[in-house]
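Colleague: I am new to reading models like this one. Could you take me through it by question and answer?

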Amino acid sequence: QMQLVESGGGLVQPGGSLRLSCAASRYTLDSYAVGWFRQVPGKGHEWVSCISSSGDVLNYADSVKGRFTISRDNALNTGYLQMNSLKPEDTSIYLCAAGWHRNGMNWCPINPNEYDYWGQGTQVTVSS
């Protein structure tokens, strides 16, 4: 089974930046869409962003559009989420997920049930 490990979380002041990484092992990531989610108490996983296996399709939740950037480096078997202009409401545990590109190389799912593998998450806290 693929293993995903997130890193890069931490405590940052409002307006600051963090870069999250999602390192995959045991399988190559290039045939998978990569998604980022965050935990919302009582609501489960909130979709944040996704990138297709081709890397050509990128989607963002309205709440992070213009502030977050998703990317991937298949040579390093890693996905990334650059988070700028962070707000206190961005505070959460962020998880990455990988979904086999069953609907094509430009598939970029927002439904967490479409993903096959999940990391354990990394805490992001935005506070002054």
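Colleague: Are C22 and C96 buried or exposed?

Modeller: Start with the terms: buried means under 20% relative accessible area, exposed over 50%, and partly exposed in between, with a 1.4 Å probe and protein chains only. By that scale, C22 and C96 are both buried.

Colleague: What should I know about the model itself?

Modeller: This is a predicted model, where local features need pLDDT of at least 70, side-chain atom pairs count only at pLDDT 80 or more, and totals for chains, interfaces and linings use all residues. Residues are numbered from 1 along each chain as its sequence is written, and side-chain values use heavy atoms, leaving out hydrogens and water.

Colleague: How many disulfides are there?

Modeller: A disulfide is a covalent bond between the sulfur atoms of two cysteines. Here the test is a pair of cysteine sulfur atoms within 2.5 Å. C22 and C96 pass, with S to S at 2.0 Å. C50 and C108 pass too, with sulfur atoms 1.9 Å apart. The count is two.

Colleague: Why is the disulfide of C22 and C96 right-handed?

Modeller: Look at the torsion about the S-S bond of C22 and C96. The disulfide is right-handed because that torsion is about 70 degrees.

Colleague: What is the pairing when the bonded cysteines are numbered in sequence order?

Modeller: C22 is joined to C96. C50 is joined to C108. Numbered in sequence order along the protein chain, the pairing is 1-3, 2-4.

Colleague: Is S49 buried or exposed?

Modeller: S49 sits in strand β5, residues 44-51. Its relative accessibility is 0%, so S49 counts as buried.

Colleague: Which backbone atom lies 2.9 Å from a polar atom of the S49 side chain?

Modeller: Contact means heavy atoms within 4.5 Å. Leaving aside neighbours within four places in sequence, the contacts of S49 include W36, N59 and Y60. One of these residues supplies the atom at 2.9 Å: the backbone oxygen of N59.

Colleague: Which residue's side chain makes a polar contact of 3.0 Å with the side chain of S52?

Modeller: A polar contact is a pair of N or O atoms within 3.5 Å; within protein, one must be able to donate a hydrogen and the other to accept it, and residues adjacent in sequence count only if both atoms are side-chain atoms. S52 is in the loop between β5 and β6 (58-60), and S52 is buried at 0% relative accessible area. The backbone nitrogen of D56 lies 3.4 Å from a polar atom of its side chain. The side chain joined to S52 at 3.0 Å is that of S54.

Colleague: What is the bridge partner of S71 in β8?

Modeller: Six bridges join β7 to β8 (residues 78-83), and the two run antiparallel. In β8, the partner of S71 is Y80.

Note on methods. Helix = DSSP H or I, 4+ residues; strand = E, 2+ residues; numbered from the N terminus. Pairing = 2+ DSSP bridges.
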